[in-house]
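Open the model in your viewer and keep the sequence panel beside it. Follow the stops in order, selecting as you go.

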Amino acid sequence: MVKIDQLSLARQLDLVFKELDKELEGLDSGVVFVQIRNNVIGKFGIRHNPITGRDGQMEVEDQGLSESQRSSFRVMALETLKFKRNWTHGEISYDFTVRQGMILVDATMESNYNMANLMIRYPRTNTYMESGMESTS
């Protein structure tokens, strides 16, 4: 059995879009998000509110993304990975909507770092003592 950390991030993202395909079929806007830790996608999903109120009635939207729009969305999401630089932890959000029959996607990348990891990698120096200032803590 293949472990998830053995798959490239692009392959993992492709699997995410295959898993979300039926849900995207019923939506015409929302935010797809993927949370990444050590270049492995953990949590993913869609933030949306498909219920629309009109004239005092709550209704579920009938139309969603067509097959070609879902395919274009997946390709655009995979293309955004080219802009990911030097980070292994974070989140990518894909804000999507359909306008005039065309899917529009805005991607936001959020990198996360852990200070504890930096303390291991860099030797500790007391910059206060070197500058003649003493630390008060």
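The tour below goes from the whole chain to single residues and their partners.

**Before you click**

This is a predicted model: local features need pLDDT of at least 70, side-chain atom pairs count only at pLDDT 80 or more, and totals for chains, interfaces and linings use all residues. Residues are numbered from 1 along each chain as its sequence is written, and side-chain values use heavy atoms, with hydrogens and water left out.

**Stop 1: the whole chain**

Show the cartoon. The protein has 4 helices and 6 strands. Here helices (H or I, at least four residues) and strands (E, at least two) are DSSP runs, numbered from the N terminus. Trace the chain from that end: the order is α-β-β-β-β-α-β-β-α-α.

The protein exposes about 10100 Å², and carbon and sulfur atoms supply 50% of it. Such areas come from the Shrake-Rupley method with a 1.4 Å probe; for residues, only the protein chains shown count as cover. Of the 137 residues, 27% count as buried. Buried means under 20% relative accessible area, exposed means over 50%, and partly exposed is in between (1.4 Å probe, protein chains only).

**Stop 2**

Select residues 29-37, which make up strand β1. β1 and β5 run antiparallel, joined by 8 bridges. Two strands pair if DSSP finds at least two bridges between them. Find Ile36: its bridge partner in β5 is Gly90.

Look for Val98, which stands opposite Ile103 in β6. Then go to the hairpin of β5 and β6, which has 2 residues between the strands. Gln100 takes a positive phi near 50° there.

**Stop 3: Gly90**

Stay in β5 and select Gly90. Is Gly90 buried or exposed? At 5% relative accessibility, Gly90 counts as buried. Which residues touch Gly90, leaving aside its neighbours within four places in sequence? They are Val34, Gln35, Ile36, Glu110, Ser111 and Asn112. Contact means heavy atoms within 4.5 Å. Draw a distance from Gly90 to Val34: the C-alpha atoms are 8.5 Å apart in space, while the residues are 56 apart in sequence.

**Stop 4: the aromatic cluster**

Select Phe17, Phe73, Tyr94 and Phe96, which ring pairs link into a cluster. Rings of Phe, Tyr and Trp (its six-membered ring) pair if their centres lie within 6.5 Å; planes under 30 degrees apart count as stacked, over 60 as edge-to-face and the rest as tilted. The count by this rule is 4 aromatic pairs.

Zoom in on Phe17 and Phe73. Their ring centres are 4.9 Å apart and their planes stand at 80°, so the pair is edge-to-face. Phe17 lies in helix α1 (residues 9-25) and Phe73 in helix α2 (residues 67-80), so the pair ties together parts 56 residues apart in sequence. Phe17 is buried at 4% relative accessible area, and Phe73 is buried at 0%.

Turn to Phe73 and Tyr94. Here the centres are 6.4 Å apart and the planes at 80°, so this pair is edge-to-face. Tyr94 counts as buried at 0% relative accessibility.

**Stop 5: salt bridges**

Colour the charged side chains. A salt bridge is a side-chain nitrogen of Lys or Arg within 4 Å of a carboxyl oxygen of Asp or Glu. By this rule there are 8.

Select Arg11, Asp14, Lys18 and Arg74, a network linked by salt bridges. Arg11 meets Asp14 at 2.9 Å, N to O. Lys18 also bridges to Asp14, with the closest N and O atoms 3.6 Å apart. Asp14 is buried at 11% relative accessibility, whereas Lys18 is exposed at 52%.

Finish with Arg70 and Glu25, whose closest N and O atoms are 3.6 Å apart in a salt bridge. Arg70 lies in α2 and Glu25 in α1, so this pair ties together parts 45 residues apart in sequence. Arg70 counts as buried at 10% relative accessibility; Glu25 is partly exposed at 36%.
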